[in-house]
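Here is a brief report on one chain. Please read it alongside the sequence and the model.

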Amino acid sequence: MSRLAWASLVVVLVAVGIGVYWNYDGYDPETIRGATVVITGCSTGIGEEMAYQYARLGAKILITARRENRLKEVVAKAKSLGAQEAHYVAGDMGKAEDCERTIQVAKEKFGRLDYLVLNHEGSSVKNIHEYFGTKSWLEDPDMDFFVDYMKINVVAYVRLASLALPLLKESKGHIIVMSAFIGKVPFPNITWGVTVKFALDGFFSSLRVELMKAGQDVSVTLPILGMIRTPAAQEMMQKTEKGRELLKMAENVNDTALAIIRGGATRAREVYYPAYMCWTLTKLRAIAPALVDYIVMNMGDF
């Protein structure tokens, strides 16, 4: 065999070895059996599917949302799928007392907490799914909506994590904070949503460093999500031809939920899903921000 052939073989083997190393995360589904999990925003979409996936893995779950009837249905299905325990707290995470009640119920029901999954999203002022991508901030600088949205989707996340930290420190637990590629890449017509995701990245990435500095073994995982085929996304994107085209590239909710659970269990810093879109745009922005601005300007109207 020629030297060139040997060199090529070595390069291929090294590349394969690096790929295997990067993709092996040591995930063991059995580590989730019996684990205690709090998930917010579980009436539909990714939160609902995560409740079912944790249930199939034999976890003990406590879920939250505002619609009590819907929570009862999710709890019943989670029990049928194998959850060791399943409970709910009906409440508005924009209210401090409901955040406090959620963590208190977890403490009372489980006596410990292994996973805190912060997933809820919403507004008391507007239906965000109808508002999404329809007007720029220049056209509609709605401060009442902006303040309300920040309160529910940033302040409540921080409050819940702060309330849960004593329990998570005891269990060497995990915090999973739902984010998106708009938390890494600025996007037009959803300035309010981009602001929230950037804020969550900033706070929880800093919290991760604080925990490390203090010697506390509590992991913080940020799923950086792209287009996911949730019921809300399907309803919203079906309204326009461009939206329907984008929807064809969306990932399904089941695989998304499993990727997030895996990332949390293996204490990953970030989970890019789908990677081909989210990871690429995020890394490209670091080296060519003007190019990414141009790309998203032409993607922004759904």
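## Surface and overall build

The chain exposes about 15100 Å², and carbon and sulfur atoms supply 57% of that area. Accessible areas come from the Shrake-Rupley method with a 1.4 Å probe; for residues, only the protein chains shown count as cover. This is a predicted model: local features need pLDDT of at least 70, side-chain atom pairs count only at pLDDT 80 or more, and totals for chains, interfaces and linings use all residues. Residues are numbered from 1 along each chain as its sequence is written, and side-chain values use heavy atoms, with hydrogens and water left out.

The chain has twelve helices and eight strands. Both are DSSP runs numbered from the N terminus: helices are H or I with at least four residues, strands are E with at least two. Of the 302 residues, 49% count as buried. Buried means under 20% relative accessible area, exposed over 50%, partly exposed in between (1.4 Å probe, protein chains only). Contact means heavy atoms within 4.5 Å. Among contacts with a separation of 6 or more, 71% join residues 24 or more positions apart.

## Aromatic pairs

A pair of aromatic rings is described by the distance of the centres and the angle of the planes. Rings of Phe, Tyr and Trp (its six-membered ring) pair if their centres lie within 6.5 Å; planes under 30 degrees apart count as stacked, over 60 as edge-to-face and the rest as tilted. The count comes to seven aromatic pairs. Phe145 and Trp192 are edge-to-face, because their ring centres are 5.2 Å apart and their planes stand at 80 degrees. This pair links distant parts of the chain: Phe145 is in helix H6 (residues 143-171) and Trp192 in helix H7 (residues 191-213), 47 residues apart. Phe145 is buried at 0% relative accessibility, and Trp192 is buried at 4%.

Phe181 and Phe187 form an edge-to-face pair, 5.8 Å centre to centre with 85 degrees between the planes. Phe181 is buried at 9% relative accessible area; Phe187 is buried at 7%. Ring pairs also link Phe145, Tyr149 and Trp192 into a cluster.

## A strand residue

Ser219 is found in strand S7 (residues 219-225). Its relative accessible area is 7%, so Ser219 is buried. Leaving aside neighbours within four places in sequence, Ser219 is in contact with Gly173, His174, Ile175, Gly264 and Arg267.

## A helix residue

Leu291 lies in helix H12 (residues 289-297). Leu291 counts as partly exposed, at 42% relative accessibility.
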